[in-house]
Amino acid sequence: MAPASCALCQNAKAILKRPKTGQQICKECFFYVFETEVHHTILEAQLFKPGDKVAIGASGGKDSTVLAYVMKTLNDRYKYGLELFLLSIDEGITGYRDDSLETVKRNQQQYDMPLKILSYDELYGWTMDAIVSRIGKKNNCTFCGVFRRQALDRGASTLNVDHIVTGHNADDIAETVLMNIMRGDIARLGRCTVICTQGEDTIKRSKPFKYAYEKEIVMYAYFKKLDYFSTECIYSPDAYRGHARAFLKDLEAARPSAIIDIIHSGEAFEVKEEIKATQKAQQTCMRCGYMSSNELCKACTLLEGLERGMANSVITDRARRKMDELRPAPDILRTIPQYRSPLPAVSVEVAPQS
Amino acid sequence: MSSCGNPDSSEADALMPRRLKYGRSRDCVRCREKPGNIVIRHAVYCRDCFSPLVTLKFRKALQPSINASAGTSKRPRLKADGNLLMAFSGGLGSSLLLDIVHRIYFSNESVLNENEEPVGGKNHPRNADVWPSATVCYVEVCNAFPGMRDSTEELRTVVSQYPCFEYVATRIEDAFDRSWWLRVGGLPSFSQLSVDIGNPTSCDLSIISALFTPAERSPTDCLLAYLSSLPTQTAISTAIQTFIRILTLYTARSRGASHLLLGTSLTSLSISLISSISQGGGYTTREELQEEWTQSGIGSTEIAPTIRIVRPLRDVTMKECAAYARWNNITVVGKQRVPATTQGIHSLTKDFIVGLEKDYPSTVSTIARTCAKLAPKDAPKGSCLLCQRPMQHDIQEWKNRISIRSFGEAKLASDLHTPPNPHNNMPPPPLSSQSIDQTLSLTPHLCYSCHTTLTSRSSRGLKSTGSLPVPLPVWVSPPLLDSARVVNPDEDRGEVFQNRQPMRDAIAEYLLES
């Protein structure tokens, strides 16, 4: 059978089948459509304006490595006028993050971007290794996720940037939509498909790979010969998310458009107004100044639990109240440094154009 | 991007500690006297307390929807606007539905108190006629798949246990049967509209029109042609579900029904919700839970009747349904598993949710409760011609923006910046010569989910049907032809033809020269 010609340019020989559309296309056309779709996503959501300082959340994994490369390419090609930085968080996971940070350092050289590494140790006084040795693997992702989110904002604050972009891809977002429905997290469900979020005094955060399939990101890295660190986190035993991820992969195998279809579903609905009215209003953490829906932000609550040797009892709000009833927090307690946003206090939520 | 989430079975127990299967006591949590017979989400019930619990949930889910307006009374007299139609498949949920509806609303066995007055008062549904009549509708699908047996008569026997219910059997191929369409009061059409879905790279669905001829294909042939042209197992399963739903709705309308009851249990509802969301049906999540259907395409002088589609078992899990059926001796014939759909999204979702329910029993309830808190983001553009559910705006624009399928797409051309040509020696890409609105296409009349059903292909190889036109269900043609007349109001053509040959065939007898 004669090799098929590219379904897009009709000229070159097709060498791959696009996971997103099923079309057989050539390598050059794949690069072009992949980059152009990301460009369209950026334009439609009006993510940047000329002169913006943008930090790329870089872990050394495939998504952030490709994101750094594509952001640099698009910034040069379409003259966005952005000043790009790499921002990495060192969670302190021996044998995992220390290796992946080496990849980030190589990226820094290759893409010629300034790099800032902020560690959990210097920010919270705890590494993930220490946390896991204290609490075990159970619930460790809760600590890591909460700490990472705040660490990114604080790192961005020290770089004085306007915007953080992360490598969340379409698979991640589809998985999150399903997860939030299955665990009834209506607040997160309402915002998980929003491409760009910004709290009152947090830095704008967006996901340019919102519509990019994970498989295409890997494909892009493969054909561009980008090197990335591909090991799964050694402390990643979130069984429930694992179920959701395996299910999503089954759906994708049955019909590849399922990923984008789930995102479309997530964009098509919203939380009813009467339900929104019952949700907690955002406030500022009385201890560290970071945004919070309670008096204390989640990171301060978790840190206090660690410091008091009661880490497992602060995962839920109810457990936290019980801990407080038991005995109040001592005055001498290691705390997170005060958060200072580089931005004026505004509240903006950019909805995706659908 | 996610660095968390490696499903490791050896770690699972350490992460999600299992709760005890039941609370502190093995005695019934309601009467606190008898030993429990069943555990429902960690609560134990005895057999005597369990059945009233199920019927209570049933009534709570159904009764607020019976009266056309809520009124001010806390316990209004239940009186529906029209008749009742119940969808029956022979499965567990619909068997329960028939039995409970019969017991509560049609048994006419008033329980009298010591003063010989009916217990519950005259407004109690047992003592008052809520619906004038009740029909049970079954849609037989055996002709869609070889090897399936016809269950029409078997189910007739089951329904005959309830003498006050009338049994109506329709067949899945009626979706392509003009005589059925006219019988249920559909608008007549002299065109058999077909669609071209054979092009594996195009997402546009061009319409091909043809006059009916004596040698036209039988409804079964049309059905088989339609199903065989669908690109995935998911699409086949979804098409069957859509056809059953629409056939039942039109049957309900022809019977003067104000309510259509479905035997969807909480488990089935959660499966439907996740399956629908996974197929892009997020905009109609509300309709998956509860729906009011008004037929589109009715003349402006008529008042279109509204049918409320209610799922009274939506708070009862499959396990509870099974226990209720067993302890109340309800005959369950069982549904035949539809072949050729086992790898579809609906089947995968079913396996996933049923499996998840074992380890995380509250998940199905959480899914339904979460989805009940959602609403569509924007006002609808109209109704989808295929599934007749609300349709969102700008579906094709969204699809085109997310995935570039050709270099001729308008979005590329209108890009604010000059896109580089991936092949410098290539001629510039041609722009599309026709926009969607300029040609008769089914695409702008379909919701996201139905369009995806017809166009989204599997990664396991492209299934191409060539250029054979695929017939469309009978309810699609009249409104589609109407819309074509609206697009070209100056041309009172009656019928729209895109190909020269059908045009010629239509006027052949008037041509003097062949």
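Let me start with helix α5 of chain A: the cover over its buried residues includes α4 (120-124), α6 (140-159) and α13 (298-307) of chain A. Contact here means heavy atoms within 4.5 Å. Buried means under 20% relative accessible area, exposed over 50%, and partly exposed in between, with a 1.4 Å probe and protein chains only. Helices are DSSP runs of H or I, at least four residues; strands are E, at least two; both are numbered from the N terminus.

Ground rules next. This is a predicted model: local features need pLDDT of at least 70, side-chain atom pairs count only at pLDDT 80 or more, and totals for chains, interfaces and linings use all residues. Residues are numbered from 1 along each chain as its sequence is written, chains are lettered from A and ligands numbered from 1 in the order in which they are written, and side-chain values use heavy atoms, with hydrogens and water left out.

Back to α5(A), residues 128-135. Which of its residues are buried? A:Met128, A:Ile131, A:Val132 and A:Ile135. Seen down the helix axis, they fall within an arc of 95°, so they line one face of α5(A). That arc is taken over the directions from the helix axis to the C-beta atoms. After the helix comes A:Gly136, with a positive phi near 85°.

Now chain A as a whole. It has 14 helices and 12 strands. Of its 354 residues, 58% count as buried. Take its contacts with a separation of 6 or more: 70% join residues 24 or more positions apart.

On to a contact between chains. Helix α11 of chain A, residues 258-268, packs against helix α8 of chain B, residues 266-278. The axes are 7 Å apart, at an angle of about 105°. Axes are lines fitted to C-alpha atoms, for helices over the stretch in contact, and angles run from 0 to 180 degrees between N-to-C directions. So α11(A) is roughly perpendicular to α8(B), a label for 65 to 115 degrees. From α11(A), the contact uses A:Ala258, A:Asp261, A:Ile262 and A:Ser265. From α8(B), it uses B:Ser276, B:Ile277 and B:Ser278.

Last, B:Ile244. It sits in helix α7 of chain B, residues 233-254. Buried, exposed or partly exposed? B:Ile244 is partly exposed, at 28% relative accessible area. Leaving aside neighbours within four places in sequence, B:Ile244 contacts B:Val139, B:Val141 and B:Ile172. B:Glu173 is 71 residues from B:Ile244 in sequence, and 9.9 Å away in space, C-alpha to C-alpha.

Methods
Parallel < 35°, antiparallel > 145°, perpendicular 65-115°, else oblique.
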